[in-house]
Amino acid sequence: MKRLTFQGIPASPGITIGKAFLLDVAELTVPAQSISEAEVEINIKQFRRALQSSSEELKRFRDQVHSGLGQDLASIFDAHLQFLKDPMLVDEVIEIVREEKLNIRHVFGKRVKEMLLQFEQMDNAFFRERKSDLYDVARRVITHLQGQRYSSALDQMEEEMILVAHDISPSDAAYSQQRHVTGFITEIGSQTSHTAILARALAIPAVVGVPNVTHQMQTGNVLILDGTTGTVIVNPNEEEIEMYRKKQNEYKIFEEGLAALRTYPAETTDGYRIELAANIELHEEVNAARQYGANGVGLYRTEFLFMNRSDLPSEAEQVEAYSTVLREISPYPATIRTIDLGGDKFISPLEFPRELNPDLGCRGIRLCLQRQDIFRTQLRALLRASTCGTLRIMFPMVSNIEEVQQAKALIQEIREELQQEGIPVNDSIEIGVMIEVPSAALISDQLATEVDFFSIGTNDLIQYTLSVDRRNERIAYMYAPLHPAVLRLIRRVVHNAHKHGIWVGVCGEMASDPLAAIALRGLDVDELSVSPFTIPLIKRTIRLISFIDAWRLMEDILELPTASAIREKLNETFGKKVLLPFK
């Protein structure tokens with residue numbers, strides 16, 4: 001049998017060796033059929049029953065996950081339940097059936113496909129990953145529309161196997177704990193998908209983003225899955241199997257060493273400390289952040305509160321979410337970013353004109369200042385929650401100083417309103433901005449006079465600085481975090497921040513790369529905020545290097561002409577110190 005090697009995105013660490021089990025993709029659509037006037041209401045009643053049955057089923061499954069894995073992971077299925085009430089799905093399907101008199105099974109499948117495409121085209125990775133949630137829900141509804149009871153394909157597994165699929169739904173991922181699944185491999189996905197989160201919680205190695213892998217293997221093929229490096233080997237030889245068995249043992253020892261670092265500071269060998277915080281999307285992820293040793297929440301993306309619902313989140317609902325984060329991460333701080341959604345990113349309940357280039361359109365702080373009805377409610381909720389812990393408020397996509405001044409004035413106005421209402425507000429709330437666009441980096445000396453901190457969002461800063469859309473496969477290779485232009489902008493931001501006595505962090509994916517983390521430490525960044533499960537690895541990296549050595553190297557390295565030359569120099573200088581023993 002032919003030996004094949006694939007490289008994907010490491011989503012859950014660990015190494016496993018076993019046979020493949022291919023999970024088929026269910027077809028969502030069936031041919032359209034005209035129905036009579038009398039059949040319209042019959043179809044709609046069938047649809048409502050299918051929605052109700054799916055909802056009851058998901059609630060039972062959520063309760064099972066809660067019992068086995070805890071509330072944090074069970075809450076993932078609240079997002080599924082929201083889809084079953086989403087007017088852009090439910091109401092539109094019913095409207096189309098009534099107007100066009102077409103069978104419900106066709107209309108529902110077609111509408112789901114349209115929404116899946118909407119998610120796929122979003123620039124925000126968090127929202128792109130909601131595709132698998134919607135697909136999971138759609139499979140259940142379709143099964144009930146067909147008059148059948150939903151069952152998982154995993155029931156067919158009779159021995160320990162590695163699950164291979166285009167995508168693995170969160171419910172299949174959670175159910176795998178009860179079956180014989182030892183690993184996940186998917187063609188799409190990222191480290192922030194619900195499936196990846198569940199894989200890490202279940203300690204199941206996973207590799208995602210492996211293009212066309214399902215077309216090049218079959219059930220029963222022997223696989224090696226390395227969830228630490230993102231490597232997948234199909235039909236390995238005996239020498240490779242033996243080598244990876246040895247790596248399995250080495251990884252186990254390494255993992256035990258990382259766990260031992262949990263209570264230690266991220267401090268260099270010469271005594272310079274950097275704060276390590278966690279990026280989260282859901283307030284239920286705070287426990288994971290604490291478990292992995294985070295010194296706070298460096299980025300709480302609040303957009304999820306606004307998604308997949310028929311109304312805007314109330315002030316009370318937002319107060320509860322923000323208060324929970326602040327209480328659970330205390331005594332450490334929580335940096336909560338105000339909503340970073342653009343006109344084409346609201347699935348419901350708001351509608352905005354579609355923009356030709358949403359990346360450069362009305363998003364982030366621009367949208368908030370234009371829609372102050374939404375912004376004021378969020379700011380009131382944040383200020384009301386501020387007494388529950390150490391709150392930092394951060395504005396996204398700032399490009400000029402006027403935006404910061406307007407937002408700060410609004411906060412002061414709302415603070416005074418709350419005080420008049422007799423509602424207590426913390427007097428020590430830090431206000432910061434994300435440095436995501438070159439203009440903000442270039443005027444960071446001016447912005448520093450208005451705020452208490454900067455957080456560099458490297459994902460967008462790299463994209464805008466290099467004019468590279470990393471979703472575009474033809475040019476994705478040009479997306480280079482260590483490009484000298486990017487590093488020089490970061491150096492400028494850090495210099496201006498420290499000159500004005502404020503601290504600066506980095507909350508983009510760049511901070512999750514050990515070599516890039518060394519570069520950022522050498523540039524004197526004060527805080528790195530990464531996904532919770534990455535914290536131990538970055539902490540280990542920081543504790544193995546000297547700050548002075550990193551600082552001196554960065555002084556020289558910025559004169560190198562290419563990202564590849566910079567990475568090579570970093571690897572040459574520090575690679576042996578931070579090299580993972582099992583790679």
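**Domain contact and local features**

Colleague: How many salt bridges are there between domain 1 and domain 3?

Modeller: The count between these two domains is zero. This is a predicted model.

Colleague: Which helix gives the most to the side of domain 1 that touches domain 3?

Modeller: Helix α9, residues 194–201, with three residues. By type, that side of domain 1 divides into three nonpolar residues, three polar and one charged.

Colleague: What are the bounds of the domains?

Modeller: Domain 1 is made of two stretches, 4–22 and 160–242. Domain 2 covers 37–146, and domain 3 covers 272–578. In the contact, seven residues come from domain 1 and four residues from domain 3. Over C-alpha atoms, the centres of domain 1 and domain 3 are 31 Å apart.

Colleague: What is the area buried between domain 1 and domain 3?

Modeller: About 470 Å², with 66% of that given by carbon and sulfur atoms. The size of an interface is often stated as accessible area lost when the parts come together.

Colleague: What makes Glu 421 and Arg 380 a salt bridge?

Modeller: Their closest N and O atoms are 3.1 Å apart. The cut-off is 4 Å, between a side-chain nitrogen of Lys or Arg and a carboxyl oxygen of Asp or Glu, so the pair qualifies. Glu 421 is in the loop between α15 (401–420) and β13 (430–435), and Arg 380 is in helix α14 (residues 372–385). The two are 41 residues apart, and the pair links distant parts of the chain. The whole structure holds 30 salt bridges.

Colleague: How many aromatic pairs does a search of the whole structure find?

Modeller: Six.

Colleague: Why is the pair Tyr 251 and Phe 254 called tilted?

Modeller: The ring centres are 6.3 Å apart, and pairing requires them to lie within 6.5 Å, so the rings pair. The planes stand at 40°; under 30 degrees would count as stacked and over 60 as edge-to-face, so the pair is tilted. Both residues are in helix α10 (residues 238–260), where being three residues apart separates them by about one helical turn.

Colleague: Which form does the peptide bond from Ser 330 to Pro 331 take, cis or trans?

Modeller: It is cis, with omega near 15°. Pro 331 is in the loop between α12 (315–329) and β11 (333–337).

Colleague: What is phi of Lys 101?

Modeller: Near 50°, a positive value in a residue other than glycine. Lys 101 has its place in the loop between α4 (90–100) and α5 (104–120).

Terms used:
Residues are numbered from 1 along each chain as its sequence is written. This is a predicted model: local features need pLDDT of at least 70, side-chain atom pairs count only at pLDDT 80 or more; totals for chains, interfaces and linings use all residues. Side-chain values use heavy atoms; hydrogens and water are left out. Domain bounds come from an automatic or database domain assignment. Contact means heavy atoms within 4.5 Å. Buried area is the accessible area (1.4 Å probe) that two parts lose on being put together, summed over both. Helices (H or I, at least four residues) and strands (E, at least two) are DSSP runs, numbered from the N terminus. Ala, Val, Leu, Ile, Met, Phe, Trp, Tyr, Cys and Pro count as nonpolar, Asp, Glu, Lys and Arg as charged, and the others, Gly among them, as polar.
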